[in-house]
Amino acid sequence: MPTQKICGYWFVREGVSDRFLDYDGSSLSRCARCKGACYKDQNAQQKHWKFHKHCCKLLDGKEIRNIAEASLVECEDALKRLLTSRSGGAETYRYLKRLRMLYDDEVDDREDSANRFHSVVRGLTFFAGGLSMTLAASPNLAQLLFCDDEEDLLNVKTRMGKYKLAKYNGRPSDEYIEDMDDKDERELLRKDCDVYDELDFGFREPSSMSYCYIYYNLIVACAIHGRASPTSIHDGCGTLRGGDPRNKSAKSLLASAALRRAMSLWTDKHVLSSCGDAMAPAASLAVSAVEYYDAIGIVGGVTCRKHELIPGLSFDGAVVTCMNELLEQAGSAQYSVKLLKKLGEIALKSCTEGASSLLTDLPIERRFKVLLAIIHYVMNDDGNDSKTKFGFSRGAAMPTSSVNDIFRAIYSMQNQLDLDLVASVWQKSVDDGESNGPEPAGQNGKSRSFMYYLLRNSPSRQEWGSLEVVKLIKDFSQIPTIHKAPDDAKAKEKDKCKRLAVGDKRHDEYNAMISRIYSGRRT
């Protein structure tokens, strides 16, 4: 039984107060019969009963053992029946947990099973009725769908990267490890990296991705009534269930909880890496929700927490995730571009109409991560050359003006310039950018080189409001290396910035290697 409690009607989490839903964080009570549904008060339980009564049952020992020993085929048959039933089922939670276990055990036919399930679960998104309400009302299912404690959608390798190697933002480079001053930390990290490197899934999709095809789409189905489409990339296009969340209807409460969970998973780079294409509907869902919240004037309000556009999606998290999706040439890249354009509009509005709660008091660490993500994105964008693009990502050209607007808004450059803030963020980018940049430690040299270039060649105060950072980054990238233009002043400056970013030792080693290459060409 899950340890974390979530109210089956209001979807508040025990211990986490919510002013909008009038919840003070007090203890939740369990349903006396099934023990799997929780409520913040008796009124919530009474309102929820019309959905929960169909599946309110406490499984006996024999039923629990049968599910725990079920084969993949038996799981499939049971879940297809339970997920499409208008009355839900007390067994749904345990069958989904069993399915995850079978996938993790690399059972035969796992990937085909995931594909079959995916079609079934996608159908729930297109269903207009109250099927999502009865589904979520099943005992323990709210906890499974909306709690990290129950399901994190990570595989063994990405879980190790997220938690064991968190300090280094993932698996650091060997050069970074070698240059560490602390011998004990260095040796311990080497051992951890050896274990990490051995965790290889080859060409097979990880079990987390197979399971995500079912799990994530169940969440999407609870959030939105989608329009039928040939590919799951577009499954997030549609109407949020329950409409305006200010109505606090049962459907809108479920939709807000599902939206929060869907967005928080999408913006977790470890989950995205672990699940890949199985999270295809996320970007289109984000666009649908942001556009709807903007249309009714509640972006950043009502059910949103500080710095969030919509439940679960912060402004900075959306920017970084969209840029990562574009660099990965994800199938949903067209929606990432659309969302970046929308973020650009919101950013420009916040600058011209005054400070926005989306950006007010945004911590320096989060600001500099956006800055480094923008640099990394622009430096690695190929200009959307259709010859090098493939699949659905064609046409996902960089929205240059939006990126510029986002950059300026993050640093309040178009409204009231705070030079102390800008200086703090840029210095932090230089100091901590290696271990907290867009890439794991030891792989952020290029981004940090540009940061040193900005610090050493800051634009004048008059230029801040119209700073075109995309052009500035591209111009920096096009400056020739010192080996190609040894007498060029800009090349010399770029080389100095690179030395500051990677350190004398690595810089000298790199230059020596390049010199040997050039020397060989001349001979």
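**Exercise 1. State how many salt bridges a search of the whole structure finds.**

Solution. The search of the whole structure gives 38 salt bridges, a salt bridge being a side-chain nitrogen of Lys or Arg within 4 Å of a carboxyl oxygen of Asp or Glu. The model is predicted: local features need pLDDT of at least 70, side-chain atom pairs count only at pLDDT 80 or more, and totals for chains, interfaces and linings use all residues. Residues are numbered from 1 along each chain as its sequence is written, and side-chain values use heavy atoms, with hydrogens and water left out.

**Exercise 2. Work out which parts the pair Arg 122 and Asp 235 ties together.**

Solution. Step 1: the two side chains form a salt bridge at 2.6 Å, N to O. Step 2: Arg 122 sits in helix H5 (residues 110-125) and Asp 235 in the loop between strand S3 (224-226) and strand S4 (238-240), so the pair joins parts 113 residues apart in sequence. Helices (H or I, at least four residues) and strands (E, at least two) are DSSP runs, numbered from the N terminus. Step 3: Arg 122 and Asp 235 are both buried, that is, under 20% relative accessible area, with exposed over 50% and partly exposed in between (1.4 Å probe, protein chains only).

**Exercise 3. Classify Asp 508 and Arg 499 as buried, partly exposed or exposed.**

Solution. Step 1: a salt bridge of 2.9 Å, N to O, links the side chains of Asp 508 and Arg 499. Step 2: Asp 508 has 40% relative accessibility, so Asp 508 is partly exposed. Step 3: Arg 499, at 29%, is also partly exposed.
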